[in-house]
Amino acid sequence: RVHLSRDWATGNHYRFVFERGIVVWRANHASGLSVQLAGAPSAVHGALFTRESEPPLRAAPQPLETNGQCFTLQLRNVVAAVAGSEPLGVPGAEGLAALRLVERCYATRALVDQPWLTPAEAGRAHEISATLSPAA
């Protein structure tokens, strides 16, 4: 199942629960990562950096903290690829495949059972879902 954040309010983060810990990665915070080991009283929050062993960087490695920074790097890559100075990071066919997947998800979405909602909230969710259905 794929749940898209545009369909309802979410925490806007990826949460991976493992046998011995939890990893949380917040959307639009490309470098932030939290790790909590099972049984630990607190979590560790760290920043991801570009590896030093990659091709020479134009500037010192910096955390990519915003969605805008990531978008800018993608645009720079496209411009450099057009100029022939570096390979394209993500081919257009891959971007198109991702777009088609998102569109297919929207076209086939269905309201999932949410037993934590009150009857009034569930009724409102069904009303909203009906207005978002592909047939509407």
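**Notes on the predicted model**

1. The protein chain holds three helices and four strands, which follow one another from the N terminus as β-β-β-β-α-α-α; helices (H or I, at least four residues) and strands (E, at least two) are DSSP runs, numbered from the N terminus. This is a predicted model, in which local features need pLDDT of at least 70 and side-chain atom pairs count only at pLDDT 80 or more, while totals for chains, interfaces and linings use all residues. Residues are numbered from 1 along each chain as its sequence is written, and side-chain values use heavy atoms, with hydrogens and water left out.

2. Of the 136 residues in the protein chain, 10% are buried (under 20% relative accessible area, with exposed over 50% and partly exposed in between; 1.4 Å probe, protein chains only). The accessible surface of the chain, computed by the Shrake-Rupley method with a 1.4 Å probe, comes to about 11000 Å², and 60% of that belongs to carbon and sulfur atoms.

3. Asn77 lies in helix 1 (residues 67–83) and counts as buried because its relative accessible area is 13%. Apart from neighbours within four places in sequence, Asn77 is in contact (heavy atoms within 4.5 Å) with Glu86, Pro87, Leu88, Gly89 and Val90.

4. How many aromatic pairs does a search of the whole structure find? The search finds one, formed by Tyr14 and Trp25, whose ring centres are 5.5 Å apart and whose planes meet at 40 degrees, so the pair is tilted. Rings of Phe, Tyr and Trp (its six-membered ring) pair if their centres lie within 6.5 Å, and planes under 30 degrees apart count as stacked, over 60 as edge-to-face and the rest as tilted.
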